[in-house]
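Please walk through this model with the structure open beside the text.

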Amino acid sequence: MIEFITTPEFLCAALFVSVIILLLFGFPVAFSLAGASMLFAFIAAAFGLFDLAYISALPQRIFSIMRNEVLVAVPLFVFMGVTLEKSKIAEELLDNMGKLFGSIRGGLGYSVCIVGALLAASTGIVGATVVTMGLLSLPTMLRRGYNPSLACGSICASGTLGQVIPPSIVLVLLGDQLSTAFQQAQFSMGNFSPDALSVNDLFAGALIPGLVLVGMYIIYQIIIAITRPESCPAIPRDEVRTEDGKSMLRTMVSTLFAPLALIVAVLGSILAGLASPTESAAMGGTGALMMAGYRVAPRRGRLIVIGGICLAIMLLITVLFDLRMQRETLTTLEWAAVFVALVCAVGLVLGIFTAILRVYGTRDQKGESILPQIMQQTLIVSTMVFVILIGASMFSLVFRGLNGDEVVESVLHNLPGGTLTVLLLIMLVMFLLGFILDFLEIIFIVVPIVGPVLLQMEVAPGVPMSPVWLGVMMAVNLQTSFLTPPFGFSLFYLRGVAPSTIQTMQIYKGVIPFVLIQLSMLVVLWFFPALATWLPSAIYGP
Amino acid sequence: MNIDFIELWHSLERLPLLFSITVYLLVLATVAAFFAIPVVLMFRSEPHQIIRSFHADRDAAKSMEGYRSVLRSVASCLTLFNTVIGRFAAWLVLFMTLMQFVVVIMRYVFAYGSIQMQESIWYMHGLLFMLGAGYTLAKEGHVRLDVFYREAKERTKAWINLVGSSVFLLPFCIVNFDFAWSLVRNSWAVREGSTETVGLQYIYLFKTVILVFSVLLVIEGISLAIRSILQLTAPSDESLRQQAQE
C-alpha cells in the first residue's frame, strides 16, 4: 500500500485531483492553484517525496512573466476591447449591423454572429463576452419574435467563437505556452536549433477555421430561415428606414466601417508579418482610443480626424520614401518627406491628446469619468490573467518536482493505438475540464504538461505534429466544451442574464446544432490539417 | 560608532521570517480575539445571560458592535490602501499603450529604435499586474470557479473566503516572499541591470516588485479574512429583533 502511494503516478494523480476539487470550492482560481499545489508540495516534502528546491524557482518564473515580450500584447488587446466597449462603439456596431441585416429574414442572427466573431476577441473571458452579447442582443431578438432557442443558441455560439478568431488574447497565451512546449519537444528529440513557433503563426492558423465556423453558423441560420421562417422574422422595412439614405450611409460609415477597419488593420498587419502582435495591439489600442474620443464628441472631433489623416499620410510617406534619418546624405526630396512626416507626427500627437482629453471628459450615468474606468477594467482583466499564470506556474513546478512529466510521457507512450488515441484522450480530458475550468486555466495547466509529449508524436508516418494545428484543435475543442449542455460555461452565463421567461431547456435545445457544427469542424480539422497549417506556411514559409 | 555593515546585511536574511511571523500573528490575533471576546463576556455576565446567546445580550451586543466596527475600519483601511495603489497602477495601461505606439511609429516610419523605451514597456507591463493584484482581489476581479460558489449561501461564501485566504492565499504569499527574498537580495547586491548595455539599469528595483506583490496580496488577504469573519459573526436577524424589543 505504502509503495503504491509513494509512486510518482499516484502522487501526480493525487495532486491533479485534489487541486481540481479544491478549486471547485470557489476561492479565486489563481490562489487556490498556487496555495493547494504548494501545500501538497510541503506535505510531500515532509515525507521525503518532494524536493522543495523545485518550488523555490517560482520567483524566477514570476520574473519571466513580468518581462515576457509576447505577453505585453495581452493588456494592450484588453485595453482595445474595453475601450470599444465602454465608449459604446461595440454596442453601436451591433445595433447598426442589426439595422443593416435586420430587414432580411434571420438578419439579426447573422449580425450577432459577425459582431461576436469580431469584437468578442479582445476580452478572453468566455463569461464576459456572452454576458455582453446576451444583454445587448437577446432582448432585441426576442422582441422581434425570434425563436428563443435559436436566439440563445446563436448568442452562446458567437460569444465563444471570438476566442478562436484572432486577434484574441486566448490565442496569444496559447501561442506563448505552445512555443515553450514546442521547443522542449524539439530539444528532447535532439534538435538543438529548434524552429520557433510565434503567436503570428497561431493567428494565421486559426483564421481560416474561425472564418469557416462563422460561415457554418450563418449557413445554419440561413437554412433555418428558409425551412422555418416563423422562427426568425425580418424587421419590417419601414421601421428600419427611419432616416433618409444619405444620413443612414453616414452613420454606417462612421459606426460600422471604422471599427471594422480598425480590427482588419490590426489583424492584417499581424498576418502580413509587418508587426508583432504586441505592436499591432498598441496600434489597435491607440486607434480605439482615437475612435472613442471621436465617438463621445463628434462635433468637437476635428483634431482627432486630422490626427488620423496624419497617421495615414505618415504611413503613405513611409511606403514611398526612405526616411531613415541616421544616414550621411539625404536628397532634397527625402528631406522634404522627413519634414512632412515630422509635421504629421505633431498632428498625430495632438489628435491622440485630444482623444484622451475627450474620453477623460466623458462621464457615465453615475457621473464618473470613463477613462479611469477603462484603465481599471483593463488592469483587473490583465491582472486576473497573469496571476492565474503565476498560480499555474506553481502547479507545474510541483508537478514537475513529482516527476510528473515523465509519468505523463510514459503513460501516453504506452497507450495502444498511437497518436490518434493519445490525441483523442487529451482532447476528451480538455473537453471535460472545460466544464469546470475556463480557457486560461486549461491552457496554463494542460499545455505545459502534455504539449512537449504530444509534439514529439507523428500524425502520419514521417509527418511530425504541427504545433499550429494542435493549438487550433485545442482552441476549437475547448470552445465546443463551453457550449455543450448541461455544464457548458457560456450556457450558465447566458442563463444568468436571460429573462426568466426563457427556460433552461430552450437554451440547451438551441445550442445543440452549434455543438454539432463544432464537432464536425474538429473532424474536418483531423482529416484536413491543411485548413490550419496552410495559411501560416503560405505567409511565413514552412 | 562602528556599525558592522556585513553583519547588518546578513541580519537581513531573517527578514522573511519576521515577515511571516508578523503575518501569522496578525491573523491569529484577529481570529483569537474574535473567539475570546464572547468568552470574556460570558465570565463577566450573570448566569442567566450566559444561557441566552450572547448576541441577544444588549451589553454584549454593544461591545461586540464596538469591536466589530474597529475590525471593519481596519479592513476598509487595508482595502483603501490597495485601492489607491490600484488606481495609480491603472494609469500604466495608458502610458504603456502610448509608449508602445510611439515605439512602433518611430521604428516603422523613422527606422529609429530605443532599447530604453522598449524596456520601459516591459517594466510597465510587469508593474501593472504585480501592483494590481491586491486591487483586483478587492474588486472581486480574480475569477472563481463558481459552479457551487454562485449558489452558496452568504455564510458558506464567507467560510470559503476565510479558509481560502488563510490556508491558500496567505501561506502562498509568505512562501513566495521567502523564496523571492534571496533572488532580490542577490540582485540588489550587484545592482543588477539590463542585459543590454544601453538598456534601463534597474532590474534590481524591478525584481523587488515581486516582494511588493506578496505584501499587497497579504494586505488584501487579511482584509478579506476580516470581512469574512465579520460576516460570519454578524448578529442574526432574530437577535437584532430581540434587541429592538428590549
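**Helix packing and a pocket**

In this predicted model, helix H17 (residues 370-401) of chain A packs against helix H5 (residues 115-138) of chain B. The angle is about 95 degrees, and the axes lie 8 Å apart. Angles of 65 to 115 degrees count as roughly perpendicular, so H17(A) and H5(B) are roughly perpendicular to each other. From H17(A), the contact residues include A:Phe386, A:Val387 and A:Ile390. From H5(B), they include B:His125, B:Phe129 and B:Tyr135. By class, the contact of H17(A) with H5(B) has 10 nonpolar, 6 polar and no charged residues.

Now turn to a pair within chain B. Helix H7 (residues 154-189) of chain B packs with helix H8 (residues 203-232) of chain B at about 160 degrees, with axes 8 Å apart. That angle makes H7(B) roughly antiparallel to H8(B). The crossing of H7(B) with H8(B) is left-handed. Their contact comprises 27 nonpolar, 9 polar and 3 charged residues.

The largest pocket has a volume of about 1,400 Å³. Its lining holds 46 residues. Nearest the centre of the pocket are A:Ala258, A:Ala261, A:Leu262, A:Gly287 and A:Met291. Which elements give two or more residues to this lining? From chain A they are helix H6 (89-102), helix H13 (245-271), helix H14 (277-296) and helix H15 (302-320); from chain B, helix H4 (58-109). H13(A) supplies the largest share, 13 residues. By class, the lining of the largest pocket divides into 29 nonpolar, 11 polar and 6 charged residues.

Conventions
Residues are numbered from 1 along each chain as its sequence is written. Chains are lettered from A and ligands numbered from 1 in the order in which they are written. This is a predicted model: local features need pLDDT of at least 70, side-chain atom pairs count only at pLDDT 80 or more; totals for chains, interfaces and linings use all residues. Side-chain values use heavy atoms; hydrogens and water are left out. Axes are lines fitted to C-alpha atoms, for helices over the stretch in contact, and angles run from 0 to 180 degrees between N-to-C directions. Helices (H or I, at least four residues) and strands (E, at least two) are DSSP runs, numbered from the N terminus. Angles under 35 degrees count as roughly parallel, over 145 as roughly antiparallel, 65 to 115 as roughly perpendicular and the rest as oblique. A crossing is left-handed if the near helix is turned anticlockwise from the far one by less than a right angle, and right-handed if clockwise. Ala, Val, Leu, Ile, Met, Phe, Trp, Tyr, Cys and Pro count as nonpolar, Asp, Glu, Lys and Arg as charged, and the others, Gly among them, as polar. Contact means heavy atoms within 4.5 Å. On a 1 Å grid over the protein atoms alone, a cavity is a set of points where a 1.4 Å probe fits but cannot get out, and a pocket is an open set with protein on both sides within 12 Å along at least five of seven lines; lining residues have an atom within 4 Å of a point. Grid points are joined across faces, edges and corners, and a volume is the space filled by probe spheres set on the points.
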